[in-house]
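My notes follow as numbered points.

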Amino acid sequence: MSKLLLLIGLGMIGYGGIIAWPLIYASAHYQVVRGRILEVFSEPLPDDQVRLSIAYEFPVPSRQQRVVAIGHAQADRSMHRVESVVIPATRLASIEHTLIHVTPSRRVFYDVNDPIGSAFMLTDLSAVEGIGHDQGLVLIIGGLLLWCIAFLVRHKRI
C-alpha cells in the first residue's frame, strides 16, 4: 500500500512540477504584484480574428512612495512574452467585459532594476485550456501529502 502511495505521490509531484515550473521560475526571478487592467484595445484581423492589446497599471515601490506604472507587455502560459493575443471575433465582447469589469486584477511580474521595461502581465486568453500553474502547485502539495501518508503507513503509525 505504501509503495502505491509513493508512486502516485511521485507522479503528482512530477506532473505538478512540469505544469508549475514557469510560475515557480518567474516568481523566483521577478517581483510579483497585482496589476489592474485599464483598457483593452482590439484590432480586426482576417478570418474573423481579433488582436487584443491590454494596457494595465501596477504599483512600483520607490524611496518616496509607491509609484503606479503603466505597462502593455503580456506573457502566455509558458511565461513567454507575446505582443498581443489573437482570439475569435465572436468572443471579443465577453472577453473585454470579463477583463475590464469582472476580473480586472492580474499578476504582473517585473525586474526590480527595470520595472517599466521588464514588466509583463500573465494572460489567460489562449485557446489552449487545461491545468494552470496554480493547479500544478496544488498537485505538488498533494503529492507531498501522499508521501507523508505513505511514510506513516510504512511505519504503522496510521
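1. Buried here means under 20% relative accessible area, exposed means over 50%, and partly exposed lies in between (1.4 Å probe, protein chains only). At 31% relative accessibility, L137 is therefore partly exposed. L137 sits in helix α4 (residues 133-154); helices (H or I, at least four residues) and strands (E, at least two) are DSSP runs, numbered from the N terminus.

2. The model is predicted, with local features needing pLDDT of at least 70 and side-chain atom pairs pLDDT 80 or more, while totals for chains, interfaces and linings use all residues. Residues are numbered from 1 along each chain as its sequence is written, and side-chain values use heavy atoms, without hydrogens and water.

3. Helix α1 supplies the largest share of the patch, three residues.

4. There are five aromatic pairs in the structure. Rings of Phe, Tyr and Trp (its six-membered ring) pair if their centres lie within 6.5 Å; planes under 30 degrees apart are stacked, over 60 edge-to-face, and the rest tilted. W21 and Y25 form a tilted pair, because their planes are at 45°, with ring centres 6.1 Å apart. Both lie in α1 (residues 2-29), four residues apart, about one turn of the helix. Y25 is partly exposed, at 41% relative accessible area.

5. F58 and Y110 have ring centres 5.7 Å apart and planes at 35°, so this pair is also tilted. The pair links distant parts of the chain, from F58 in strand β2 (residues 49-61) to Y110 in strand β7 (residues 105-110), 52 residues apart. Both F58 and Y110 are buried.

6. Which residues of the largest nonpolar core touch the most other members? Of its 27 residues, they are L52, Y56, F58, M79, I87, V108 and F109. A nonpolar core is a set of buried Ala, Val, Leu, Ile, Met, Phe, Trp, Tyr and Cys residues joined through side-chain atoms within 4.5 Å. Strand β2 gives the most to this core, six residues.
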